[in-house]
Amino acid sequence: MFRTGSPQMDSLPYKISSLIYLRNPEGDLLLMKRNKSPNKGLWSPIGGKLEMGTGESPHEAAVREVGEEAGLTITPADLHLFAMIAEKNYEDRCHWLMFLFDCHKPLEALPPPISEGNFAFFKESDIDGLDLPETDRQSLWKIYFKSHKDFVALRADCRSDRPMIVETDEIMRLG
């Protein structure tokens, strides 16, 4: 059993979300510059928290978020779950369990701005030069580019009083 080692950290709320990586037909990646926390002012793939009161699954949340944020109608069959990451003590406020999906259905046009943020397409080579959440920079984008056709389980310790530690618990090569 993994323990945080601190009663304060043990009492933080746990949030569960889905994050979806979308591309246009040219292969450029869709990102949102977020207007709200978490990650306000930073570029991130679309996604959001599961509606836990309804028992929503990670796949259902991904389908809903793609429709709400990108205006694209998809089904669970359009998605590949390529990673799961548990982030302890994110921004010193909560723990996250995130399910990361690669969407096989291309997005034909840039979505209009929404209250949560503005969208842009980026080439893979542009990603590292963007203002990104630190967890995304240190682990999620590397995992996406290396293993988005596979499955990887990760955990990250995001405590602010030391450098982030990201560990791989499992890798399943599928292709």
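Start with the largest pocket, which has a volume of about 430 Å³. A pocket here is found on a 1 Å grid over the protein atoms alone, as an open set of points where a 1.4 Å probe fits, with protein on both sides within 12 Å along at least five of seven lines. Its volume is the space filled by probe spheres set on the points, with points joined across faces, edges and corners.

Before you click on, a word on the model. It is a predicted one, where local features need pLDDT of at least 70 and side-chain atom pairs count only at pLDDT 80 or more, while totals for chains, interfaces and linings use all residues. Residues are numbered from 1 along each chain as its sequence is written, and side-chain values use heavy atoms, with hydrogens and water left out.

**Stop one: the pocket lining**

Select Arg 34, Pro 38, Gly 47, Gly 48 and Trp 96: of the 26 lining residues, these lie nearest the centre of the largest pocket. A residue counts as lining if it has an atom within 4 Å of a point. How do the lining residues divide into nonpolar, polar and charged? There are 8 nonpolar, 8 polar and 10 charged.

Helices (H or I, at least four residues) and strands (E, at least two) are DSSP runs, numbered from the N terminus.

**Stop two: the loop with Pro 38**

Pro 38 sits in the loop between S2 and strand S3 (43-44). Zoom in on the peptide bond from Ser 37 to Pro 38, and you'll find it is cis, with omega near -5°. Next select Asn 39, in the loop between S2 and S3. Its phi is near 70°, a positive value in a residue other than glycine. Is Asn 39 buried or exposed? Asn 39 counts as buried because its relative accessibility is 13%; buried means under 20% relative accessible area, exposed over 50%, and partly exposed in between, with a 1.4 Å probe and protein chains only.

Jump to Ser 18 in strand S1, which is buried, with a relative accessible area of 1%. Leaving aside neighbours within four places in sequence, its contacts (heavy atoms within 4.5 Å) include Gly 47, Gly 48, Ala 61 and Ala 62.

Ala 61 and Ala 62 are among the buried residues of H2, along with Arg 64, Glu 65, Val 66, Glu 69 and Ala 70. Select the whole of H2 (residues 58-70): its 13 residues reach 17 Å from first C-alpha to last, close to the 18 Å expected. That expected span is 1.5 Å times one less than the number of residues. Just after H2, look for Gly 71, with a positive phi of about 70°.

**Stop four: the cores**

Nonpolar side chains tend to be buried together in soluble globular proteins. A nonpolar core is a set of buried Ala, Val, Leu, Ile, Met, Phe, Trp, Tyr and Cys residues joined through side-chain atoms within 4.5 Å. Pick out Tyr 21, Leu 100, Ile 127 and Trp 141, which touch the most other members of the 25-residue largest core. Helix H3 (134-147) is one of the elements that each supply at least two residues, and H3 gives the most, with 4 residues.

Show the neighbours of Tyr 21: not counting residues up to four places away in sequence, they include Phe 82, Leu 100, Trp 141 and Tyr 144. Apart from this core lies another, of 17 residues, among them Ile 20, Val 66, Ala 70 and Leu 79.

**Last stop: Leu 110**

Finish at Leu 110, in the loop between S6 and S7. Leu 110 is partly exposed, with a relative accessible area of 44%. Among the residues it touches are Leu 30 and Phe 119, not counting those up to four places away in sequence.

Definitions and conventions:
Ala, Val, Leu, Ile, Met, Phe, Trp, Tyr, Cys and Pro count as nonpolar, Asp, Glu, Lys and Arg as charged, and the others, Gly among them, as polar.
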